[in-house]
Amino acid sequence: MTDAIRGQAKLSLDDLDRFLGNSAQDSELLPYCDAAAVLSVFDPLALWPVSGATVMPSDVLARMRSLCEVETDGSQTSRWSLSLSARREALKRLRTRKRMKAALEANPEREGNALQRVFERVLEGAPIALEKLPRDDLASLLIVHEWLEGILDSLPEPAGIKKVLRRNDLLAPMRRLTTAGFVGREKELAHLTYFLKGPQPRVPMFVYGPGGVGKSTLLAQFILQQIETNDLPVAYIDIDRPTIRPEHPSTLLLDALGQLQPQLDAPLPHAESVAKELEFELRRHEIGRQLESANMPYSSGARLFAASLSQWANSRTILIVIDTCEEVQFLGTDVTEPFIQFVCELQQLAPVARVVLSGRTLPTEYVAHAFPEVLRMRHSVDDPFPVELFPEHQGPVALDVLDKRSARRLLTTSIEAAGMPPVTDQDLDDIIHVVSRNPMCLKLAARLLREEGIAALREDRAALLTKLRAEKIQALLYGRILHHLHGNNVRKVAYPGLVVRRIDAGVVEKVLAEPCELTFDAERTPSIIVSELAREAALVEIDPVDGSLRHRPDVRRAMMNDLTDHVDASVVESIDRNAVAYYEEQDGPIARGEEIYHRLRLRQPLTTIGTRWTAMAGQRLKGALDELPPEQRLWLAERLGVTLDVSVRESADQAVWEAQAARSADRYLQNRNPVAALKVLGERPERLPRSPLFALEAEAYRFMGLPDEALSVARRGVESVTADGAIDLALELLLKMVVIDEGRQNIHGAEKTLKEAIAVANHSGNRLLRFRVLVTTLRLQRQLCPGAHDERVQLRRDALAKLDEEMLRKLREQPVLLRETAAELAKDDPHLAALAIEILGIEVSSDEQAKTFGRALAVATGKMTLKLIDELQEVSESNLQAGKIRKWVTETLTSRDTRRLGTELFNMEAGDETLHGFREYFRAGVTNTLSVDPSHAVGPPNLNVPSEPGIVPSIEDSGDDGTALKSGPPSGA
């Protein structure tokens with residue numbers, strides 16, 4: 001039962017019971033129902049009634065069956081449980097704890113599951129310490145509360161149970177990480193504690209170190225310590241979660257908001273309102289129209305989140321941990337830079353928060369934002385950071401191998417966990433000397449000791465092993481573990497079966513069997529082999545999506561490079577070919593992703609692979625990038641949205657380079673960093689005839705408040721793409737030129753370019769672009785000829801005729817054009833007005849926008865059949881104070897309220913005065929987006945990398961507002 005339904009049910013639960021309950025009002029059946037009501041489940045053939053009768057009437061079971069739910073468990077006797085309505089009716093009859101206990105006595109041999117245990121504990125009436133209950137007991141307590149609500153008193157409140165349950169779920173993975181024992185790291189824990197409790201930090205803390213060194217375990221221990229001692233509110237965000245999109249950092253805030261709201265007891269409507277603003281902020285971006293998408297001030301979502309957090313914190317400090325930041329770096333510096341800038345700004349905006357980042361390496365972008373003075377001390381980008389120059393308490397935490405004492409302790413506890421007898425200190429030192437003090441290596445070594453014994457490892461002391469990197473040692477240790485897998489077939493599936501990324505019975509039979517020389521019989525089937533391999537937790541993990549086995553990422557990463565040294569190339573190729581044949585006959589994103597992966601490994605023609613591509617399949621391929629040859633890596637990076645390093649881009653042909661540069665520039669412009677965008681675009685002066693870079697370069701100059709430079713670049717682009725016959729590209733560039741002139745109030749210049757666009761549109765087959773020309777014409781005609789009413793009416797009729805269902809669907813994906821269309825036609829089309837509210841939400845970034853929205857509401861409140869919320873009337877009567885309206889929209893108005901507003905607009909008659917008011921509101925929004933404000937642009941961090949001569953000067957070389965910039969990358973036709 002959802003919270004909403006349960007909340008509504010509080011007023012009508014008795015009615016529901018009467019409606020659903022089969023009211024077993026007969027003397028024979030009631031004692032059995034009363035007995036069943038105090039049992040979570042029961043054996044119907046062994047149920048003793050409360051009355052103490054020894055003979056069950058013949059038809060009682062048949063009559064009782066309709067009141068119960070049946071649970072079967074294989075060949076065992078079926079178990080029944082009384083339905084909720086029948087159970088509540090019986091418990092109401094019993095009424096008191098004393099009588100319910102007496103009912104329990106009728107069946108002393110009852111199930112000992114968590115639900116039964118918790119129910120009986122509630123009957124005792126003693127206070128229950130929720131924080132000390134296991135998760136199963138907490139979940140059971142919610143069910144018991146549903147049984148007894150309104151019947152017994154002194155029940156734990158559901159809100160409190162849910163709060164502890166959520167906290168339990170948050171901490172469960174951290175407790176798993178520290179179950180085997182946590183050793184050492186006293187210095188690092190003290191560093192983190194000072195960061196948490198010391199003076200307000202300028203920037204987030206960054207914890208970094210190679211794989212296997214124990215970053216996640218350190219953070220888990222730190223979080224558990226703080227929660228147990230200080231009841232610290234914590235949000236733990238793993239970048240690897242599918243809901244987190246690093247290129248859109250607002251997704252982090254949405255995740256954190258969901259975790260922190262119950263911990264801070266934040267008012268649910270306020271939290272929902274903040275979430276609504278973050279979600280709408282994500283929706284408003286339109287590709288190619290970055291400036292018009294930037295309707296709100298930079299990081300407005302972060303500012304709203306931070307302000308709300310400070311309001312809810314009630315003087316408490318809040319910890320926000322962002323783990324697996326290497327996933328951000330994976331996407332490229334054009335994602336990493338704005339991401340780091342975002343979290344640094346969040347730390348400054350939210351003084352109640354302490355933000356901790358974690359990743360494998362310390363990003364240069366972080367150092368540039370946080371400690372530029374340290375970055376300047378490097379002589380080249382290849383030099384390590386001079387760690388000693390970081391502030392003592394505010395600098396990053398570099399996690400290295402354990403000290404000798406801690407390494408001994410970890411190895412000792414790992415050996416105990418493996419069920420082995422203790423070893424001597426000399427033995428411990430010998431093992432550590434061989435495998436290093438890396439925590440992962442020590443745990444693997446303990447795993448091996450069970451198979452090989454200490455003597456075998458001690459023999460390796462003089463070998464090269466002691467001089468290798470931790471990752472190489474891990475690879476060798478994994479190899480030794482693989483060698484000791486029980487069962488020859490299981491060993492072969494694990495290696496060379498490492499070639500495949502997922503393993504299930506079908507893969508074992510159809511892909512690996514022949515090349516790995518597997519043999520099957522009645523006792524050694526593919527399913528049995530997979531089951532045996534699944535027990536090797538050091539090597540494989542279960543994929544939660546489809547239940548298949550996957551080699552652990554650290555195993556795969558450590559061993560893939562060594563695979564060809566030990567496995568014949570023909571075997572590897574045979575596995576790849578079998579995998580392609582196996583997966584190409586299946587449907588779904590998993591099969592398609594694996595098929596594409598193996599085709600890429602085989603270096604099949606990219607044109608062939610491209611026909612098999614789907615976006616959902618691509619989501620399964622992110623981790624494959626580093627396993628592929630350079631050409632295939634570039635191809636996959638393009639489709640995954642990964643911007644490769646500039647050194648890799650240098651070797652790409654012009655088309656691939658332009659695709660990479662376009663993505664990078666677009667990301668920088670989305671994050672209002674035009675200088676960085678121009679730097680990327682300036683890597684090469686050449687342009688393909690139909691280059692997408694003309695539009696991006698023009699947009700970058702426009703962002704910086706340099707309209708002449710923007711128009712010049714756009715004009716060169718028009719000439720280039722027109723000469724190559726790209727009509728639609730030319731039309732897009734001409735429309736960009738129109739809004740550039742509009743933005744600087746040169747309406748007559750915009751009109752001249754628009755006439756050119758209209759002529760080009762006559763030759764375009766793109767219906768959406770032609771519609772955009774018509775909407776732009778309406779907007780300009782309104783400004784140029786305000787008295788030409790008849791002409792404008794005809795233009796609106798033409799536009800409305802084209803505004804069919806197909807066009808409305810297209811406008812869902814074009815939020816800027818949707819806003820512009822609503823600004824002209826919302827009065828005439830209620831469906832359009834409703835759609836604009838649904839997609840764009842309520843935008844109040846300027847005082848004029850807020851006031852026009854207030855005026856629209858003032859008219860709407862008298863006509864709407866539903867009242868949005870109680871405060872709406874107060875807003876309508878606030879004399880249109882922009883601050884009050886903005887506060888109401890961002891802190892009170894929820895997503896549900898917004899949807900209801902859209903529904904009300906949808907149901908109005910065309911031409912209604914309310915629709916007129918909302919049309920004016922949308923027009924205020926369009927005016928906002930066309931007004932260029934260079935101060936909203938942000939500059940890149942100084943990465944201490946010399947710029948190419950003649951490219952784009954840095955922020956330091958421009959004026960404070962960026963308006964001194966007059967040069968840019970050459971744009972050859």
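A polar contact is a pair of N or O atoms within 3.5 Å; within protein, one must be able to donate a hydrogen and the other to accept it, and residues adjacent in sequence count only if both atoms are side-chain atoms. This is a predicted model, where local features need pLDDT of at least 70 and side-chain atom pairs count only at pLDDT 80 or more, while totals for chains, interfaces and linings use all residues. Residues are numbered from 1 along each chain as its sequence is written, and side-chain values use heavy atoms, with hydrogens and water left out.

Start with the whole protein. Its secondary structure comes to 50 helices and nine strands. Helices (H or I, at least four residues) and strands (E, at least two) are DSSP runs, numbered from the N terminus. Of the 973 residues, 54% count as buried. Buried means under 20% relative accessible area, with exposed over 50% and partly exposed in between (1.4 Å probe, protein chains only).

Now turn to the sheet. Five strands form an open sheet in the order β4-β5-β6-β3-β7, with parallel pairing. The edge strands are β4 (234-238) and β7 (397-398), each pairing on one side only. Two strands pair if DSSP finds at least two bridges between them. β5 (residues 318-323) and β6 (residues 353-359) run parallel and are joined by five bridges. Here Val321 stands opposite Val356 in β6.

Two helices pack on this sheet. Helix α10 (residues 186-197) touches β3 (205-208), β5, β6 and β7, and its direction makes about 145° with that of β6. Helix α11 (residues 215-230) touches β3, β4, β5 and β6, and its direction makes about 165° with that of β5. Such angles run from 0 to 180 degrees between N-to-C directions, with axes fitted as lines to C-alpha atoms, for helices over the stretch in contact. Contact means heavy atoms within 4.5 Å.

Look next at β3. Both its faces are covered: Met205 and Val207 on one side, Phe206 and Tyr208 on the other, are all buried. Four bridges pair β3 with β6 in the parallel sense. Tyr208 has Gly359 in β6 as its bridge partner. β3 also runs parallel to β7, through two bridges. There, Val207 partners Val397.

Finally, find helix α45. Nine of its 11 residues (830-840) are buried, so α45 is largely enclosed by the rest of the structure. Its buried residues pack against α13 (268-283), α43 (805-812), α44 (815-825), α49 (895-906) and α50 (913-930). Asp829 caps the N-terminal end of α45, with a side-chain oxygen 3.0 Å from the backbone nitrogen of His831. Gly841 follows α45, and its phi is positive, near 70°.
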